[in-house]
Amino acid sequence: MHQVYIALGSNLANPIQQLCQALASLIQLPNTQLQKISPFYQSSPLGPQDQPDFINAVVYLETQLEPQDLLSKLQKIEIQQGRMRLRHWGERTLDLDILLIDDLIIDLPNLQVPHYAMHEREFVIVPLADIAPDLSLPTGENIQQLRQKFANHSMQIIHHYLMPVK
């Protein structure tokens, strides 16, 4: 089983509902078990500021899916939920980004693992540290050290997703 961390984000079409629906879809993936879900955080947009705040979370799952197959299934979930990307770093209905897969380093045109900018984004590092406080990245970085960069973040927890009983 691969150990995978995925970032979820939305700021359109009821973002909390978008993330909850995405989680329900992740639970249905074949040969996959959702293990942990961070709280949902409200965060300011990274790009243009004339858009709604984002709702972000990070999940940990274990899967037998290979990286490219997992990416394909995540993109299918985005499309099923009416994925809209109106502009670069702009508003979106749903964004599912693979952050980490085991200790793999992948550098392909459509998939970079670890995610190329995860260490620069509080809306990724803070929720990731919530669910994996002892995590070390394949690059050798420790999640707690990365978390210190965002010690004074202004994000607010606005929702806790209750995992279904297995």
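**Note on the predicted model: cores, surface patch and salt bridges**

1. The largest nonpolar core of this predicted model has 28 residues, of which Leu-23, Leu-26 and Ile-98 touch the most other members. A nonpolar core is a set of buried Ala, Val, Leu, Ile, Met, Phe, Trp, Tyr and Cys residues joined through side-chain atoms within 4.5 Å. Buried means under 20% relative accessible area, exposed means over 50%, and partly exposed lies in between (1.4 Å probe, protein chains only). At least two residues of this core come from each of β1 (2–10), α1 (15–27), β2 (32–37), β4 (54–63), α2 (67–80), β5 (95–101) and β7 (111–113). Helices (H or I, at least four residues) and strands (E, at least two) are DSSP runs, numbered from the N terminus.

2. Residues are numbered from 1 along each chain as its sequence is written. Local features need pLDDT of at least 70 and side-chain atom pairs count only at pLDDT 80 or more, while totals for chains, interfaces and linings use all residues; side-chain values use heavy atoms, with hydrogens and water left out.

3. Leu-23 deserves a separate entry. When neighbours within four places in sequence are left aside, Leu-23 is in contact (heavy atoms within 4.5 Å) with Leu-8, Leu-34, Ile-37, Phe-40, Val-59 and Tyr-161. Another core, of 22 residues, lies apart from the largest one; among its members are Val-58, Leu-99, Met-118 and Phe-150.

4. Tyr-116 belongs to the loop between β7 and α3 (122–131) and is partly exposed, at a relative accessible area of 49%. From C-alpha to C-alpha, Tyr-116 and Leu-99 are 8.4 Å apart in space, although 17 residues separate them in sequence.

5. Side chains of opposite charge can pair when their charged atoms come close. A salt bridge is a side-chain nitrogen of Lys or Arg within 4 Å of a carboxyl oxygen of Asp or Glu, and the whole structure contains four. In one of them, Lys-73 pairs with Asp-69, with the closest N and O atoms 3.8 Å apart. The two residues are separated by about one helical turn because they stand four residues apart in helix α2. Both are partly exposed: Lys-73 has a relative accessible area of 26%, and Asp-69 has 34%.

6. Arg-83 has two partners. With Glu-78, its salt bridge has the closest N and O atoms 2.7 Å apart; with Asp-95, the corresponding distance is 3.3 Å. Asp-95 lies in strand β5 and Arg-83 in the loop between α2 and β5, so this pair ties together parts that are 12 residues apart in sequence. Salt bridges with shared partners join Glu-78, Arg-83, Arg-92 and Asp-95 into one network.
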